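The following exercises concern a single protein chain. Each task is followed by a solution in steps.

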Amino acid sequence: MDALEDYVWPRATSELMLLPVTGLECVGDRLLAGEGPDVLVYSLDFGGHLRMMKRVQNLLGHYLIHGFRVRPEPNGDLDTEAMVAVFGSKGLRIVKVSWGQGHFRELWRSGLWNMSDWIWDARWLEGNVALALGHNSVVLYDPVVGCLLQDVPCTDRCTLSSACLIGDTWKELTIVAGAVSNQLLVWYPAAALADSKPVAPDRRVSGHVGVIFSMSYLESKGLLATASEDRSVRIWKVGDLRVPGGRVQNIGHCFGHSSRVWQVKLLENYLISAGEDCVCLVWSHEGEILQAFRGHQGRGIRAIAAHERQAWVITGGDDSGIRLWHLVGRGYPGSGVSALCFKSRSRPGTLKAVTLAGSWRLLAVTDTGALYLYDLEVKCWEQLLEDKHFQSYCLLEAAPGPEGFGLCAMANGEGCVKVVPINTPSAAVDQTLFPGKVHSLSWALRGYEELLLLASGPGGVVACLEISAAPSGKAIFVKERCRYLLPPSKQRWHTCSAFLPPGDFLVCGDRRGSVLLFPSRPGLLKDPGVEGKAGAGTGALGAGSGNGGNALAGWGPVSTLPSLHGKQGVTSVTCHGGYVYTTGRDGTYYQLFVRGGQLQPVLRQKSCRGMNWVAGLRMVPDGGMVILGFHANEFVVWSPRSHEKLHIINCGGGHRSWAFSDTEAAMAFAYLKDGDVMLYRALGGCTRPHVILREGLHGREITCVRRVGTITLGPEFGVPSFMEPDYLEPGSEGPGLIDIVITCSEDTTVCVLALPTTTGSAHALTAVCNHISSVRAVAVWGIGSPGGPQDPRPGLTARVVSAGGRAEMHCFSIMVTPDPSTPSRLACHVMHLASHRLDEYWHRQRNRHRMIKVDPETRYMSLAVCEFDRPGLGPLVAAACSDGAVRLFLLQDSGQLLQLFAETFHHKRCVLKVHSFTHEAPNQRRRLLLCSAATDGNLAFWDITTVLDRGSTALEPPVDPGLPYRLGTPSLTLQAHSCGVNSLHTLPTREGHHLVASGSEDGSLHVFVLAVEMPELEEAVGEAELVPQLRVLEEYSVPCAHAAHVTGLKILSPSLMVSASIDQRLTFWRLGHGEPTFMNSTVYHVPDAADMDCWPVSPEFGHRCALGGQGLEVYNWYD
């Protein structure tokens, strides 16, 4: 009995899945979602909120759920109980559930019925279930008895790509089958004779030029909609399909998708389609596009559902996200572009500039010097003032704040600035600041206490005006506080400004692309010379100021980041949460912080592809941000968190006067076009125009998974649950352990996840989007606490290096700290440290058009970090490269300098894996060893410690100056497999040896014991160094351990090993008794698993294992 128990130990169980959502169905005010074999149940009306009620695990075994069919009730009441048929692939299960009063219970479930063919559709017929199968046949199944009642094939036994069952009884049952011949076959199973001979098709309908993936029938209007591989949606007038011999007419041929269309659904007033282009389109029945929902990323939207009473559309994507959208129909007044009809005989002149004062007042100025106000509630134009000094050239800016504080500023080409109270324009104040042109204006607001206006004049001088209101509120006072001086450049003026909390500094951006830090009150500084006062001669620049005061000197910046955003300039500066965010016309936005009065870059991020002009940045109430910018001729509001375009306005481009305003009530964007003011408004502000039931993870396959560490949160933080507290597992109360995991993907992003151990949920903390190609590998080191060893604080810090396509590598640090204000109760801060590309030197060559670029398609396949115990020496990063090289990179200055140190082309073919490990022995020096594996199945071991010793012969000098060193021959080579090695791991043993395991593309495993022996001092006389001798003591192979590539491998202990393969099996092996012995295996649900990581959590929780591929799945088992 003991032997039998050892054989089944350990047993892994799935606790979390993030897979493509393949099935959706609305049942009353509940939503059923299929993810792998699991069912997610959402409540859509819980006190006006959306929440998840339950995850029913492993309902379809190893099948993927593709659909749900709810049995109709005679009274139509599905709010308390429902009988649901769940089907997918070749599996079917009937389950009865109760979900009344916000509680979910499973009352009964049938056995899992395994069909011999694919199930395309299911329909309830008087208590039985009819199934449309993959080779054009229909079966009738009794779910209570569990037996087959009817099995009727069609004479045309072709392979189907979709099917739709119509009717409520067996006699009127109709099947519309989508054949691989691109035809629709309509036939009637009840027409079969008593001997169950095949039934001939009643009608054949042609039209599509591609495979038909989905179809939907609307009985009330006699319409049939089909979606096809040819990127089109067709609408057919078919009448009552239950009546044989009817006429079929194609009444609509809809093209709107840019790729294959996966799903289609007919509603009473709409047609919904979704496809591979990640777009969900809402059509009229006449074929007109009414709405387009964009938000999912990756390979497409796999499932759609609709709630017609609430006018909701729910979509599920390959990114594992579930989103709810609102149907607004034709002519919805809440959003859209409208012309404000400025042109009139009573309003002469041409519009020159426009701005928004809040979300409901708009200001415009003409070439006659007239300033106009448009009230969006009254919907009429009103002239505020007219000044001929502002005719030919005029700048216009409204003060920030909810409704603009009722102030705006105008500037002209003669150095004059006019500050205008919008409610009392007769109280406007003029200031003549410069002898020449005013190049730019910007406002800076500190809460509701301090308001500054900055104006740039000739010679890089910036005048700082302090604005205050009279006690009566009917007059304003304008006083020049000081003047600043910008660094020399060709286009020398500032573009934006903001107060740095608590208000001691001003952060400015200039046209040169630099970010500058100025003191907000220079007169209070004790030593102006130290803090950046400008040199001699600048005092005269203050002469001629309109306030009649003494000439003020120009103060230089106390800190400068020159040309941070390139030559096109900085477009906005925003201060939030202790950080400074800047945007520029180079298509990037930076995160900065100020330490000791100096600006320091933290993170550089690229916006969405094609947005080369980032115009601004806004913080949203959910703690995230949105990016404003121009994509070709469109103004785009883009979310970095969900990688989606929230709003798209075809304005013609950014080289025109435009303004943007955002409040909780509405978002507004105004611009000039065709001599008129165009206005776009969207109710609800700058937030998403939909509800995210579950955030997506990655849009493409996950290529690497690495665990960073664990954070413990006390009960006061209330670790968020994937389910309501009533449904938590026993023992999940109290302090929560949260594992921090990093995933990287082919979608060019690196994601930091929080995985609580007790709630079965996953929270994406942040995403790093610096890579220009797919990210294939990530390595972690330097794990610690935010306060360091001297002052440890709750949280986690680590340094991360990521690498992938285009020979690109990035190094950054992360800091995860508790934050009760976020949904995950955690906040993650990322600081970019360094980056490296192999072709950087090529871009610096003057005559590079005459040179051949060295393998620009080199990919980094794997990374390993070698940490030294020598003080002052940073870690080495070893990279396996697709060009046949193993490269060593040296990280210096706490990771802020990343340079190529040495390389070797020993393998002469693509290197797939590298792995570093440490050898420690009594009275011996600690040594670092590196193992590399290539596509020929060879393993090579390198002594890295000897490489870094002075005078070592393991390094050969470079052939040409500027090139890296060359590694010598490895300490040991071993032919472990006959083809590529996809997984590699080592573990030290008690005897001082190392257990090495590798997995190959042919499904084999290779395990051996490696001994590291140091020669005695007498044997090393006359040699410059002591070189360790590596020797294999024992060696074992398991030829057919898996049926496909072994992509994950981990030695948990000297007696236990776990492996994962593309055959979707997680297998445990017993070690230490000769050849590895099979213990047990668990089927997981992640297709094309590319990587695996395992780690111990706690004695109470055991081990966790994360598998990444086309999705993410987390398993746990107990020791």
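**Exercise 1.** Which residues have the most contacts inside the largest nonpolar core, and how many residues does that core have?

*Solution.* The model is predicted: local features need pLDDT of at least 70, side-chain atom pairs count only at pLDDT 80 or more, and totals for chains, interfaces and linings use all residues. Residues are numbered from 1 along each chain as its sequence is written, and side-chain values use heavy atoms, with hydrogens and water left out.

Step 1. A nonpolar core is a set of buried Ala, Val, Leu, Ile, Met, Phe, Trp, Tyr and Cys residues joined through side-chain atoms within 4.5 Å. Buried means under 20% relative accessible area, exposed over 50%, and partly exposed in between (1.4 Å probe, protein chains only).

Step 2. The largest such core has 38 residues, and Ile627, Ile740, Ile742, Leu765, Ile814 and Leu826 have the most contacts inside it.

Step 3. Apart from this core lies another of 24 residues, among them Met861 and Leu928.

**Exercise 2.** Identify residues that Leu826 touches.

*Solution.* Contact means heavy atoms within 4.5 Å. Not counting residues up to four places away in sequence, the partners of Leu826 include Ile711, Leu713, Ile738, Ala754 and Asp819.

**Exercise 3.** Is Ala921 buried, partly exposed or exposed?

*Solution.* Step 1. Ala921 lies in the loop between β72 (911-919) and β73 (927-934); strands (E, at least two residues) are DSSP runs, numbered from the N terminus.

Step 2. Ala921 counts as partly exposed because its relative accessibility is 23%.

Step 3. Ala921 is 91 residues from Val1012 in sequence, with 9.4 Å between their C-alpha atoms.

Technical notes
Helix = DSSP H or I, 4+ residues; strand = E, 2+ residues; numbered from the N terminus.
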